[in-house]
Amino acid sequence: MATSRSTGARALATAAATPSSPPTADYKVLSSNPSLQPEQDSGPWRVPLDQSDQVRLQLGLAREAKHGSAYGPDPKLLDMRFKAQSPSRLLLEIENAHRRAWKVPESIVPRFPPKQALNRNQSGQLEQALDYEVVWNDRGSFAFTVVRKATGEKLFDTSSLGLTMSDQYLELSTRLVGGSTHGQAANLFGLGENVGPLRHKTGTTTTLWARDSPCKPNINLYGSHPFYMEILPSGAAHGVLLMSSNGMDIILSPKGDQLTYKVIGGTIELYIFTGPTPQQVIQQYTELIGRPCMIPYYAQGFHICRWGYNTLDKVKTIVSNFEKNLVPLEAMWIDIDYMKDYKCFTFDEERFPIKQLAEYVDELHSQDQHMVMILDPGIKVQYQRGLYEPYDEGVDKNLFIKRRVTKLEETEDGTKYHDGDLVDFVGKVWPGKTTFPDWFHPEAQAYWTKHIGQWCRQVPLDGIWIDMNEAASFHDGDCSHIESSEDRPVRVSDFALAEADDEEGEAVVEGGGKVQQPQHAGSRTKKQQDKETVVRPLESAQPKETIAMHEHQYEEKHDPHYLERQQSGGESLPMHRNHEGQEPRPNVVYANAKQPPYRINNNNEHADLEYRTISPDALHHGGVTEYDAHNLYGHMEGIATYKAIRELQPTRKPFVLSRSTFPGSGRFVCKWNGDNWSTEYDMKQSIPGLLNFQFFGISMIGADIGGFGDTASEELLIRWHQLGSFYPFMRNHNCLNNPPQEPYVTKDLLEVSQNYIEMRYRLLPYWYTLFYRAHQDGRMVCSPVWILDPRDENLLVNDTQFLVGESILVSPVLKLKQKTVKARFPAGRWYNLHTGALEVLVPRRTDDTAQGSVSQVYEMDAPLKKIPVHVCGGNILPRAGIPAGEFIRTTTQVRKAPLEVLVALDETECARGEYYHDDDSLQAADGTLVKFEARPGMLTMTSLAAEALVDPLKAPPRGARSSASAVAASTEDDSGLCVPQGRSDLRPTFVQSVVVWGVGMDPVVAGKVPKNQGAAASSSQVEAHQVRVSIVSAVPPETETLQHQRELSAVPAEDLAVEWDASRAQLVVRFKAPEGLKIRGDQALEIDWTEALVA
């Protein structure tokens, strides 16, 4: 311990110069329990987490903020807690000691305990060493540093930066290592949702306030994810989460050496994850917020959608065209066209007759295809009772978000509402005036489940796409004042892709080009609306007497904390006792929720918080304000929708695609990037978009292929379908009034789409394994290229390539008229996925501790119909063993097909991989995990009982296994998951062929692209007996002397076909039986080709 403390002290001594008086307030340590331990007579002081899992401090105001009371008074006392939750997870909490502020409820976002919890012996000493220590640098100032023990690297450093904790303004800063000690900007990733480069640029502000917007650069978009990962010059990584649903700006300093949170409410609940690898950081983060949900198998296929498939006949024609053109189609999606006047849970009987639509969906199911439909949260205001049940029921049960009347309001029918009355908040979306379900209401789930059930029982849908759930509105704030004559559904003519003016409608991108932005109904910027709109006084509320009750009548009936809230005197949360069990602290009451003293950079113009959404002073059940809970709305709708589908289909894995998300959403929903454009820029930005959500714990994500807005050229469509074939979620989605962009609309596009979608489908066994691994231990399904070498500074700035898993390197063409790609390759062997030829060999580091770049750039041919795709040596990929030339219509064919095992050997002729398969049910009781390992001359394949899928509605402790799995002996795999050994009752695995790349290869000059690339194969038939294929016992012998007893049978030579391709150093072993070779769950497969190599 002494060594670790001295390491931390040395790190503190190297602190960079700091400003003498930051604009924030500052706090000093008044007391600590346990006491801070001085490193020296005058400090710094060690926070004794080795003695206690929790260290509490009381802080007193030492200096008021320079802005004075502009952002509210600074609290005199703060409570602060450090909690060591695991060796790699630290929690920091800071609260006003006298007033209780909003925190994200654990009922909405659970904070899951770590798998590796801290244990103490009888003497109170930790049995595991912490990866970190916390040092308080100056007791007279808010100055602490979280240090990585092993290296002294600073993970979070507040030295001399101060702290502000006003009711409506919190400011917390940390120094970043990259900029402060190495003269370069920190390598900062995460924080969103927005459009921009993967690695954050210096001097930028990331605003978190969920809003409906086209995907423009530098503005806050649909979700809120206050999590970042920093990669240090050593290659070590750490992550930080500020668990807050309040609006905020997160500012990266111009030098890239400091990060500042400016939050407009709540408390500080900060988690630090020590990694030290980037993959471990994401695993530690998702261990806290919950792992990504396990998707249904069909979701991996190709999806088609368009706003404008406006009749059932048109939908049928589109599906038929896919069949005629031999393009795989997994799911047909229908946008808001199916609705009657855009009202949720309705069908337009003229354009989508319910009976015929249901019959057609049954027909799709008979063809192993699927149907997904959109659903918005806004419920149409329907004043006349009996016409629209979802609205009538919501009114009767007071299930909609409320607003408080502040002055006399008189409706069109003469109804009067007085100051203090609560009435339904009204927005305006597609159907006209709408109300919004209040997910905090205890009866909201039953309401949502009921109406989704009635809706899906009319038409048996396979998935639900929830949109506009920020929640979006086409007007600012409450729209009760809109007259009945203006209350109508949006017309097609309202939606225009108009030319945008230079001031507001275009976004300047790199290279000086401009991106035209779509003009949704009501999507003009705040400045444009201010120019064009005459603001009416709010003189009337909803013309329906039963919508609202007087304040005390509603709250006495529906707010269990009514009396407490009346005593506290404002719109706030129910009071709770403090940690000492003393009397409850009064709640924070916002002086002005609509106009907080600090204006976050909403819409990149400091727009009002109610801009195109629900007013921040609107109220949820229990007195929760929209001001606090705004960023949770889409997250909570996702949970409600997931639960509704589970109620309807209890044995199936739900598929919910959501636009607005929050930490923990990945447990329930998948995601798409939102309303993008048909431009090179948007195609390029889709890569940082999908990678960011891997960091955020939502692995199933993709951009609208071809772009949602504007016209896509043939070349753009070709390049985007090539790229999109490697998105986790692959959907072509088009907008109203645009030219068709289905993958068969031109001859060349059809050819490319057929080839690349087929390539994707053949790789689905690998994809499904990646999704399983993400679900079980949080690994990323797609990864930045730097995941293979985070010390390589050239890889850290690369966001034009990405990895599928950590095996397949995708180098797309992102500029039109381009026929080559300058692709950067990390160290290792890289095989062409199209041909299997070894194309690149980059030497590895000779010193594991050395920094700097070893990756190399090669200009690769990329004609119009191909992009470079490579497999990294050392990996084994499961692929579908479907015969070449066979049309793969749906993913069902892939699931039923035997396996092709692709072995890409590294320089030592070794490789590893795995394959997960199950019955595609929610329980997946028969899930089997197949482990592959190749060493020189041999491949071994072993089946194991896979970890049971985690039910997010039950959320068992991490590491819990199914009862069926628990009966077997267990072993530890390479990920740290405890997996039982194989059993005879597991799913058998059928292997059609084994393809080995790089076998018996002569030495290759490092970095040189082999000259035989693309040459005709010179295959030769080797004798089958020269390759020995054996089925052996899956349980390894206790001693080597029992080795001969393991072999159960040898596959006869006549059942094998063996080919050797000398030009590409490839070996192919095929099993002649149409169904392939069957390997039971209690068996293993060994293939030995040593003799063939000698021959």
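A salt bridge is a side-chain nitrogen of Lys or Arg within 4 Å of a carboxyl oxygen of Asp or Glu. By this criterion Glu758 is bridged to Arg762, with 2.9 Å between the closest N and O atoms. The structure is a predicted model, in which local features need pLDDT of at least 70 and side-chain atom pairs count only at pLDDT 80 or more, while totals for chains, interfaces and linings use all residues. Residues are numbered from 1 along each chain as its sequence is written, and side-chain values use heavy atoms, with hydrogens and water left out.

The confidence of the prediction is given by pLDDT, the predictor's confidence in each residue on a scale from 0 to 100. The protein averages a pLDDT of 86, and 83% of the residues score at least 70. Over residues 497–581 the pLDDT is below 50, and the model gives this stretch 225 contacts beyond near neighbours in sequence. A contact means heavy atoms within 4.5 Å. Residues 957–980 also have pLDDT under 50, with 58 contacts beyond four places in sequence.

A search of the whole structure finds 53 salt bridges. Secondary-structure elements are named here from DSSP runs, numbered from the N terminus: helices are H or I runs of at least four residues, and strands are E runs of at least two. Glu758 and Arg762 both belong to helix α15 (residues 747–762), where they are four residues apart, about one turn of the helix. Burial is stated by relative accessible area: buried means under 20%, exposed over 50%, and partly exposed in between (1.4 Å probe, protein chains only). Glu758 is partly exposed because its relative accessible area is 26%, whereas Arg762, at 16%, is buried.

A second salt bridge joins the side chains of Asp167 and Arg99, at 2.7 Å from N to O. This pair links distant parts of the chain, 68 residues apart: Asp167 is in the loop between β10 (163–166) and β11 (169–175), and Arg99 is in the loop between β6 (89–96) and β7 (132–136). Asp167 is partly exposed at 25% relative accessibility, and Arg99 is partly exposed at 28%.

In a further salt bridge, the side chains of Asp789 and Arg791 meet at 3.9 Å, N to O. Asp789 has a relative accessibility of 10% and therefore counts as buried; Arg791 is buried with 17%. Elsewhere, salt bridges that share partners join Arg81, Lys83, Glu93, Glu95, Lys103 and Arg585 into one network.

Aromatic pairs were assigned to rings of Phe, Tyr and Trp (its six-membered ring) with centres within 6.5 Å; planes under 30 degrees apart count as stacked, over 60 as edge-to-face and the rest as tilted. The count comes to 46 aromatic pairs. Tyr71 and Tyr598 form an edge-to-face pair, 5.8 Å from centre to centre and with 85° between the planes. Tyr71 lies in the loop between β4 (54–63) and β5 (77–86) and Tyr598 in the loop between α10 (562–568) and α11 (626–629), so the pair ties together parts that are 527 residues apart in sequence. Tyr71 is partly exposed at 21% relative accessibility, and Tyr598 is buried at 11%.

The rings of Phe345 and Trp455 are also edge-to-face, because their planes stand at 80°, with centres 6.0 Å apart. Phe345 is in the loop between β20 and α5 (354–366) and Trp455 in helix α7 (residues 444–458), so this pair ties together parts 110 residues apart in sequence. Phe345 is buried at 10% relative accessible area, as is Trp455 at 1%. Both rings belong to a cluster linked by ring pairs, which also includes Tyr338, Phe347, Trp439, Trp448 and Tyr633.

Charges over rings were assigned where NZ of Lys or CZ of Arg is within 6 Å of the ring centre and within 35 degrees of the ring normal. The charged end of Arg731 sits over the ring of Trp465, 4.5 Å from its centre. Arg895 lies over the face of Tyr297, at 5.4 Å from the ring centre.

Glu330 is placed in the loop between α4 (312–324) and β20 (331–334). Glu330 is buried, with a relative accessible area of 0%. Residues touched by Glu330, not counting those up to four places away in sequence, include Tyr298, Asp368, His370 and Tyr761.
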